[in-house]
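Colleague: I am new to this structure and would like a close look at a single part of it. Could you take me through the salt bridges with some care?

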Amino acid sequence: MNPSSPSILVAEDHADSRDALRTLLEASGYRVVVAEDGRQAVDRALAESPTLILMDIMMPEVDGLEATRILRRTPGFTDVPILALTAMEGSRERALEAGCNDYITKPIDLRSFFAKIQGWLGRDEG
């Protein structure tokens, strides 16, 4: 993996979804760091300084909304794009209010998923 590739933190409590996202993103040339809950997401973000964060909203320990609020109050994370991942209806406004930059619904549509990631990272290649 190219060390200059953008890094993406995938915060997702479901192992199958987390593994699928990791596989898709790594196959597209991104470096991937994973977290299983919101507390781990904050810890991994602080340790790894990812270029972009994919944040599941419904997670144990600390949910994705609270993890996002914590990161937004942390120096160095005010401008890191955080994209909410959720299947829950009506979560969009709550995610944006918590500090997420954008919203991706589950099940994920791969074309729009990669378009959003590339848009937030300023990349045009596919």
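**Salt bridges**

Modeller: The count of salt bridges comes to eight, in what is a predicted model. In general, side chains of opposite charge can pair when their charged atoms come close.

One of these pairs joins Glu 36 to Arg 18, with 3.9 Å between the closest N and O atoms. Because Glu 36 sits in the loop between β2 and α2 (38-48) while Arg 18 belongs to helix α1, this pair ties together parts that are 18 residues apart in sequence. Glu 36 is partly exposed, with a relative accessible area of 43%, whereas Arg 18 is buried, at 10%. Arg 18 is listed with Leu 21 and Leu 25 as the buried residues of α1, and these fall within an arc of 70° when seen down the helix axis, so they line one face of the helix.

Another salt bridge is formed by Asp 56 and Lys 106, whose closest N and O atoms are 3.1 Å apart. This pair links distant parts of the chain, since Asp 56 is in strand β3 and Lys 106 in the loop between β5 (102-105) and α5, 50 residues apart. Asp 56 is buried, with a relative accessible area of 3%, and Lys 106 is partly exposed, at 24%.

Asp 102 and Lys 116 also meet through their side chains, at 3.2 Å from N to O, and they connect strand β5 with helix α5 across 14 residues. Asp 102 counts as buried at 18% relative accessibility, while Lys 116, at 27%, counts as partly exposed. Finally, salt bridges that share partners join Glu 12, Asp 56 and Lys 106 into one network.

Notes:
Residues numbered from 1 in each chain as written. Predicted model: local features only at pLDDT ≥ 70, side-chain atom pairs only at ≥ 80, totals over all residues. Heavy atoms only, no water. Buried < 20%, exposed > 50% of the residue type's maximum accessible area, 1.4 Å probe, protein only. Helix = DSSP H or I, 4+ residues; strand = E, 2+ residues; numbered from the N terminus. Arc of directions from axis to C-beta. Salt bridge = Lys/Arg side-chain N within 4 Å of Asp/Glu carboxyl O.
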